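Open the model in your viewer and keep the selection tool ready. This tour tells you what to pick next and what is there.

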Amino acid sequence: MKKRLTALMLVFAMIFTMAVLTACGGGGSDEGSSDSKYGEGFVFKHGFDLDYRPYSFVDDNGENGGFDVEMAKAVCDFYGWEYEAVPFNWDAKDAELNAGSCDCIWSGFTINGREDDYLWSEPYSDNTQKIMVKKDSGIATLADLAGKKVGVQTATSAYELLNDEEGQKELMETFADLNVYDTYTIAITDLNAGAIDAVAVDVTRAQEAMAKDDSLVCLEENLGSEQYGIGFRKDDQELCDLVNVALEALAADGTVAKIAANYPEIEEYITLGK
Amino acid sequence: MTFSTMLSTMSSGMWKTFLIFALTLIGSLPLGMIVALLRKSRFAPVRGFIKAYISIMRGTPLMLQLLVWYFGPYYLFGWNIGNWRFPAIIVGFVLNYAAYFAEIYRGGIESIPAGQYEAAEVLGFTKFQTFMRIILPQVVKIIMPSVTNEVITLVKDTSLAFTLAYQEVFSLAKQISASQTSFMPFLIAGVFYFVANYVVEIVMARIEKSMDYYK
C-alpha cells in the first residue's frame with residue numbers, strides 16, 4: 001500500500017513539473033515577436049554549413065569564407081548589424097533555425113521543393129543538379145546509371161530530388177545503391193577510390209571538384225534545375241524584407257559583383273542584379 | 001592552406017576540446033559522488049529515481065543525449081535556444097559521466113568490509129567521520145584505475161560534441177579536411193588526442209603513486 005502511494009505521488013510530481021515547465025515555456029516564446037528588433041547593433045546570426053564550397057567553407061587562412069558568408073557580412077555592414085557565424089550540421093538546419101540559434105539558413109540553400117517550408121528571400125543564384133562520374137567510367141547518360149552505385153550528401157537538394165516521387169525517384173530506383181554521405185568531400189573521395197560509380201551533386205559543387213581533379217566529369221543531361229535563396233523562419237517577414245532590400249542595394253552598387261568575382265566558379269550563376 | 005595555418009586554426013578547437021574535458025571532470029567527479037551516495041539512500045523513491053537516472057544515462061548513446069539537451073528546450077517548451085549550444089554540451093557530458101563515476105564510486109564503497117563500519121562505530125566515530133576519514137581514503141585508492149579509464153574515454157568522447165556542430169578539434173578537422181580536400185587535419189586531430197591521453201596517463205599514474213598509503 002505504502003509503495004503504491006509513493007508511486008502515485010511520484011507520477012503526480014512528474015506531471016506537475018512538466019505542466020509548470022510547459023506553461024513557462026509557452027509564455028516565454030510569445031513575447032518579443034511583435035516589436036522591431038532589427039535596428040543598429042542587432043546581432044545577425046548567419047546559419048550555414050561549413051562544408052559547402054564555394055558558398056560557405058573554411059578558407060585558406062582558416063577563416064569562415066565563401067560567397068554566402070561574404071554576402072551576409074555585407075548585409076550586416078549595410079544595416080550596421082553585428083555578424084555572428086553559426087556553423088551547424090546540415091541535417092539539423094531546421095531545428096537550429098526554428099529553435100532560434102540562427103536567424104536564417106544561408107548556405108547554397110535550394111528553394112525548389114521547399115517553397116512552403118520557409119520564408120524565402122529573392123533567389124540569388126541559379127543551380128543545377130548534375131551527375132558527376134570518372135572520365136573513364138563509360139557512363140554517358142542518366143540511363144547508364146542503371147545498376148550503378150551513386151553517392152549523395154544527406155539532406156541536400158540532390159538527395160531530396162532523388163527521393164521525390166515527382167522528381168527523380170524513378171531514376172534512383174534503377175541504381176544498384178544510393179550511398180548517403182555526411183559531406184560531398186567524402187562522397188567524392190569514395191568516387192575516386194572506386195567505391196561508387198557516380199555522385200549526384202549541385203553543379204557549382206561539381207565544378208569546384210572538377211577544377212581540382214581533371215579525372216572527373218559531369219554528364220550532359222541535368223538531373224534537375226533550381227534556384228538558391230535564403231531561408232527565414234515563417235514569422236520573420238520583417239527580417240526577410242530587410243535582407244531583400246539590402247541585397248538589391250548591394251547588387252546596384254556593385255558589391256555583389258565584386259564578391260562574386262572572388263568565386264569565378266559560380267560567378268556566371270549569380271542572378272542578383274541581372 | 002599551409003600546415004602552420006592548419007595547425008593554428010585547429011588550435012582554437014583544441015582549446016574548446018580542453019574546455020569540454022575540464023568542465024566535464026569538474027562537474028561530474030563531485031556529482032558522481034553525490035549520485036553514488038543517493039543511490040544508497042534509505043528513502044526508496046530517491047533510490048528509485050537515481051537508479052532510473054543511471055540506467056537511462058548508461059543505456060542511451062551520449063550522442064543522442066546531447067541532441068536532447070540541445071534541442072529539447074525548443075521541442076518540448078518552444079524556448080529560444082540562442083546561446084545554449086555550449087551549456088547543453090556541458091550539461092550532457094556532466095550528467096552522463098556522473099552516472100558512470102557514480103557506479104565506479106559505488107563499487108569502491110561497497111568493497112569496504114562491514115567490519116570497518118562497526119569498528120568505527122565502537123570507537124565513537126560519527127557516520128560522517130567514518131566516511132570521510134576511514135572509508136573515502138581507501139575508496140579513492142581502489143577506484144583510481146577505473147577512474148583513469150573513464151577519463152581517457154572522456155578525452156575521446158569530447159569529439160561527440162560535433163553532433164551539435166560545436167567547433168572542437170574533431171568538427172574543425174572535418175571541415176578543414178572538407179574544404180582543403182586533405183586528410184592532414186584528421187592526422188593532426190589523431191596526434192592531439194593521443195598526446196592528450198598520454199598526458200592523462202602520466203598524471204593519473206602520479207596520483208596513484210602518491211596514494212600508496214595503507215600498503
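**Before you start.** This is a predicted model: local features need pLDDT of at least 70, side-chain atom pairs count only at pLDDT 80 or more, and totals for chains, interfaces and linings use all residues. Residues are numbered from 1 along each chain as its sequence is written, with chains lettered from A and ligands numbered from 1 in the order in which they are written.

**Stop 1: the sheet.** Select β2, β3 and β4 of chain A. They form an open sheet in the order β2-β3-β4, with antiparallel pairing. Strands here are DSSP runs of E with at least two residues, and helices are runs of H or I with at least four, numbered from the N terminus. Two strands pair if DSSP finds at least two bridges between them. Which strands stand at the edges? They are β2 (51–52) and β4 (64–65) of chain A; each has a single partner strand, so one side of each is left without a neighbour in the sheet. Now pick β3 (residues 56–58) of chain A: two bridges join this strand to β4(A). Phe57(A) stands opposite Gly65(A) in β4(A).

**Stop 2: where the chains meet.** Show both chains. The contact takes 27 residues from chain A and 23 residues from chain B. Residues are in contact if their C-beta atoms, placed from the backbone, lie within 7 Å. On the chain A side, α1(A) gives the largest share, eight residues.

**Stop 3: two domains.** Colour chain A by domain: domain 1 is 43–126 + 227–267, and domain 2 is 128–225. These bounds come from an automatic or database domain assignment. Their centres, taken over C-alpha atoms, are separated by 25 Å. In chain A, 10 residues of domain 1 are in contact with 13 residues of domain 2.

**Stop 4: crossing helices.** Select α4 (residues 85–110) and α6 (residues 127–157) of chain B. Their axes come within 8 Å and cross at roughly 145°. The contact includes Tyr97(B) of α4(B) and Ile135(B) of α6(B).

Methods: Axes fitted to C-alpha atoms, helices over the stretch in contact; angles between N-to-C directions. Contact = placed C-beta atoms within 7 Å.
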